[in-house]
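Dear colleague,

Please find below the structure that I am handing over to you, with its sequence. My notes on it follow.

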Amino acid sequence: MNYTIGGIQQIGIGVSDVHAAWKWYRQHFNMDVPIFEEAATAELMLPYTNNKPQSRHAVLALNRVGGAGMEIWQYTNRTPVGPDFEIQAGDLGLYACRIKCEDVAKAEESFRAKGVKILSNTQKDPGGKPVLWVEDPYGNPFQLHSSDDWFRPKTENIGGPSGCVIGVSDIDKSQAFYAKLLGYDQIIYDETGTFGDLAGMPSGNGRFRRMLITHSKPMRGPFSPMLGHTSLELIQALDREPQKIFEGRLWGDLGYIHLCYDIQNMDALRDYCAEIGHPFTVDSATALGKSFDMGEAAGLFSYIEDPDGTLLEFVETHKVPIAKKWNFYLNLKKRKDASKPLPRWMLKAMALNRVKD
């Protein structure tokens, strides 16, 4: 592979009110460092938007102690819709966002005090680590897990996203795919049965196979020190036929819309994805022939589908704000080694853009 994976850049979340949602994620998950906020038309996602450009308002925000971002996304020309069925544990697609946490029990205590909906109290995951399942006001489940991987000295108990729980139809096929493409070559656990931490979810008392996968080699890229270590939990329902979470809906509708990786060398990634039978379905580079401008940020982006049709996004960042108030923007295209991590002081400076409630 001649491309470089820097980590999970962000989890896309479709919402009905972008500003209310971002405020909730700031107050509960400390996602208070904006990278960009933009109202524009999504003209290149036609395969997933009924072949029509769609207007939207989006915010990409980070947690200053590390982890991936959240791209909080709202349609502005149509009312976003949810599924016409109750999403159940093991349904196909992005089921939950994984959030890193220093002390899971402490997080539960804080969430209860704030009135956050607890789906399952602090319990052990199949690997014996504490996890907590909560739900945001929009029906999206989050899995908080213990972590000792932090970008900077912790001022908060809760960090940013570190991965996703993904419903799959064939766990071995999916594991091979994520290992081959994204380097998830290490299996932390692989367990089959019924699990107490899922009991609070619809169909959570059923039988599942659950596999937590991660990468044995550190990810490398300009933002890798901040994005940190990542893991994916693959979950397969064994006693029922799962449904596709986004069946019959548009990308950008309510729920988890994509899992995005920060990469370098989009050309090499394009070739490799085609080689392994998962070609780009959206490709800004070939569509535009230049960087895609998002106002305060710019770069290339593309999409593919995993074996079950779950959307993965790849972004090659070209421009990013470091300190907006001093008009300090970084042009990564001028770097000799685009995959080299940025200085930690520069990444820490992004917290100067922090929004405080």
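Which residues of helix 3 are buried? They are Ile171, Ser174, Gln175, Phe177, Tyr178, Leu181 and Leu182, where buried means under 20% relative accessible area, exposed over 50% and partly exposed in between (1.4 Å probe, protein chains only). These residues cover an arc of only 160° around the axis, which puts them on the same side of helix 3; the arc is that of the directions from the helix axis to the C-beta atoms. An α-helix has 3.6 residues a turn, so residues three or four places apart point the same way.

Please note that this is a predicted model, in which local features need pLDDT of at least 70 and side-chain atom pairs count only at pLDDT 80 or more, while totals for chains, interfaces and linings use all residues. Residues are numbered from 1 along each chain as its sequence is written, and side-chain values use heavy atoms, with hydrogens and water left out.

Helices (H or I, at least four residues) and strands (E, at least two) are DSSP runs, numbered from the N terminus. Helix 3 comprises residues 171–182. Its 12 residues reach 16 Å from the first C-alpha to the last, close to the 16 Å expected at 1.5 Å a residue; the expected span is 1.5 Å times one less than the number of residues.

The whole structure holds 15 aromatic pairs. Rings of Phe, Tyr and Trp (its six-membered ring) pair if their centres lie within 6.5 Å; planes under 30 degrees apart count as stacked, over 60 as edge-to-face and the rest as tilted. Phe29 and Phe111 form an edge-to-face pair, with 5.9 Å centre to centre and 80° between the planes. Phe29 lies in helix 1 and Phe111 in helix 2 (residues 104–114), so the pair ties together parts that are 82 residues apart in sequence. Phe29 also forms a tilted pair with Phe142, at 4.8 Å and 45°. Phe142 belongs to strand 8 (residues 141–146), 113 residues from Phe29.

Kind regards
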